[in-house]
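Hi everyone, thanks for coming.

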Amino acid sequence: MRTKTFLPMIAILLAALVLALPVSTVAARKVVFKASLSIANELHQVVGSNARGSAILSLAADGSVNFSVFVRNLSGAATGVHLHAPADTTQNAPVLMTLCGNPAPAVVGACTYDADGNLFITGTIGAAQLSAWGVSGGQFMGYLRDGLMYVNVHTALNPAGEVRGQLVEQ
């Protein structure tokens, strides 16, 4: 008799587990924000450049934000790579945080290049970096989730910015 009551219970438990899988998969989904960096995205005239690139920010389980920025064909060395906010694609905003270069403090220090002269930086934004710039975690995440943050790469030839891209959740 116990077998007859035990089998339906197993079937119900298995059905519940199968139905729960999509929910747990969505909850565990990695949150990623991407930007396509282009001279066309700048709100001013860019001179002497056909640069382009990409930026990716991803949220880590510990609440930090991992980032990578790659740009090729810059007119010269990057003087700074910044996150700017709050602004949509039709607005400029002040520097929220320096990822590399100036003004200090930069998350990764100097902007670095590979052997072909391509800019490539990676790093992690944590509580210390946010605090150094006077930005709260809630404020940072609000700008990011609302689509009000962009990445801008500055050079000596284009000090107002050479390539820009709005960060959009994927």
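Let me begin with one term: a polar contact here is a pair of N or O atoms within 3.5 Å, where, within protein, one must be able to donate a hydrogen and the other to accept it. Please also keep in mind that this is a predicted model.

With that term in hand, let's go to N158. You'll find N158 in the loop between strand 7 and strand 8, the latter running over 163–166. Is N158 buried or exposed? N158 is buried, because its relative accessible area is 3%, and the cut-off for buried is under 20%. And what does its side chain reach? The side chain of N158 comes to 2.9 Å from the backbone oxygen of V47. If we set aside neighbours within four places in sequence, the contacts of N158 are Q45, V46, V47, S49 and S75.

Now on to strand 8, where Q166 sits. Q166 also counts as buried, because its relative accessible area is 13%. Its side chain has a polar atom 2.7 Å from the backbone oxygen of A87, and for the backbone oxygen of G147 the distance from a polar atom of that side chain is 2.9 Å. Beyond neighbours within four places in sequence, Q166 is in contact with several residues, including K34, D88 and Y150.

Next, the nonpolar core. The largest one has 36 residues, and V81, I125 and F140 touch the most other members. Several elements each supply at least two residues to this core, among them strand 1 (32–38), strand 6 (119–125) and helix 3 (137–145). Take I125 as an example: not counting residues up to four places away in sequence, I125 touches S64, V65, F67, L83, M97, L99, V107, L130 and F140.

Last stop, the cysteines. How many disulfides are there? There is one disulfide, and it joins C100 to C111, with 2.1 Å from S to S. C100 lies in strand 5 and C111 in the loop between strand 5 and strand 6, so the link ties together parts 11 residues apart in sequence. The link is right-handed, with 95° about the S-S bond, and both C100 and C111 are buried.

Technical notes. Residues are numbered from 1 along each chain as its sequence is written. This is a predicted model: local features need pLDDT of at least 70, side-chain atom pairs count only at pLDDT 80 or more; totals for chains, interfaces and linings use all residues. Side-chain values use heavy atoms; hydrogens and water are left out. A nonpolar core is a set of buried Ala, Val, Leu, Ile, Met, Phe, Trp, Tyr and Cys residues joined through side-chain atoms within 4.5 Å. Buried means under 20% relative accessible area, exposed over 50%, partly exposed in between (1.4 Å probe, protein chains only). Helices (H or I, at least four residues) and strands (E, at least two) are DSSP runs, numbered from the N terminus. Contact means heavy atoms within 4.5 Å. A disulfide is a pair of cysteine sulfur atoms within 2.5 Å.
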